[in-house]
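Good morning, colleagues. Please look at the sequence and the model as I show them.

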Amino acid sequence: MNFLAHAALADGGSDDFLYGNLVADGVKGPDLSDWPVEVAAGVRHHRRVDAFVDSHPVVLAARRRAPREQRRYAAIALDILWDHFLLQELEAPTRDLLIQRCYRVLGREQAPARLARMIPVLISEDWLHRYRQRDFTYRAIAGIGSRLSGPNRLAELVPHLRADHQHLSEDFQVLWQDVRQVLEVVDTH
């Protein structure tokens, strides 16, 4: 899952809990004692979601469908595509309120160093709304690949993802239902 899916699953929690979910990829290691309690709880929730998603049968099958040379990178691309598919599902008022909340929570303080340069761009260029556009989503996937070392395996994967788009959309429906049932946080704020 990427930013928006994590946010949707954590939306029932406090702003600190949501923040922890949103910045968890920039937080390394098991020791979260330097973080406020609710932020640390959000980081742990994000990690549980990632573990659930990464081991889900539809995700494993989707990764196996990817060309062998790019298969190792498919999880990165799928995380971004899940946000694209989620944006197709969410109704406008719900979607817009969730995105506004994400931007407000992310903008209130400096993100962890690993995300410090990306978060302001994510907000200023409105990535969370723009992931709704298929072409933007595929460009974002290729763009992430350009920041990895070696050949851009994510850009090489994009034609496969485009061809498999409908099947991946169906995979998302199953995955989203399952992950919500197990890990969606009910309203606590």
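This is a predicted model: local features need pLDDT of at least 70, side-chain atom pairs count only at pLDDT 80 or more; totals for chains, interfaces and linings use all residues.

Residues are numbered from 1 along each chain as its sequence is written, and side-chain values use heavy atoms, with hydrogens and water left out.

Let me begin with the core. By a nonpolar core I mean a set of buried Ala, Val, Leu, Ile, Met, Phe, Trp, Tyr and Cys residues joined through side-chain atoms within 4.5 Å; buried means under 20% relative accessible area, exposed over 50%, and partly exposed in between, with a 1.4 Å probe and protein chains only. The largest such core has 63 residues, and L128 and I141 have the most contacts inside it. Helix 5 supplies the largest share of this core, nine residues. Helices here are DSSP runs of H or I with at least four residues, numbered from the N terminus.

What does L128 touch, leaving aside its neighbours within four places in sequence? The partners of L128 are F3, L4, L87, I99, C102, Y103 and L122, where contact means heavy atoms within 4.5 Å.

I turn now to helix 5 and its partners. The axes of helix 5 and helix 9 (residues 134-146) come within 10 Å and cross at roughly 155 degrees. Helix 5 is therefore roughly antiparallel to helix 9, a term for angles over 145 degrees. On the helix 5 side, the contact is made by I76, A77, I80, L81 and H84; on the helix 9 side, by R134, T137, Y138, I141 and I144.

With helix 10 (residues 153-163), the axes of helix 5 (residues 74-89) also come within 10 Å, crossing at roughly 60 degrees.

Finally, the loop. D126 lies between helix 7 (118-124) and helix 8 (127-130). Although D126 is not a glycine, its phi is positive, at about 55 degrees. Is D126 buried, partly exposed or exposed? At 26% relative accessibility, D126 counts as partly exposed.

Note on methods: Axes are lines fitted to C-alpha atoms, for helices over the stretch in contact, and angles run from 0 to 180 degrees between N-to-C directions. Helices (H or I, at least four residues) and strands (E, at least two) are DSSP runs, numbered from the N terminus. Angles under 35 degrees count as roughly parallel, over 145 as roughly antiparallel, 65 to 115 as roughly perpendicular and the rest as oblique.
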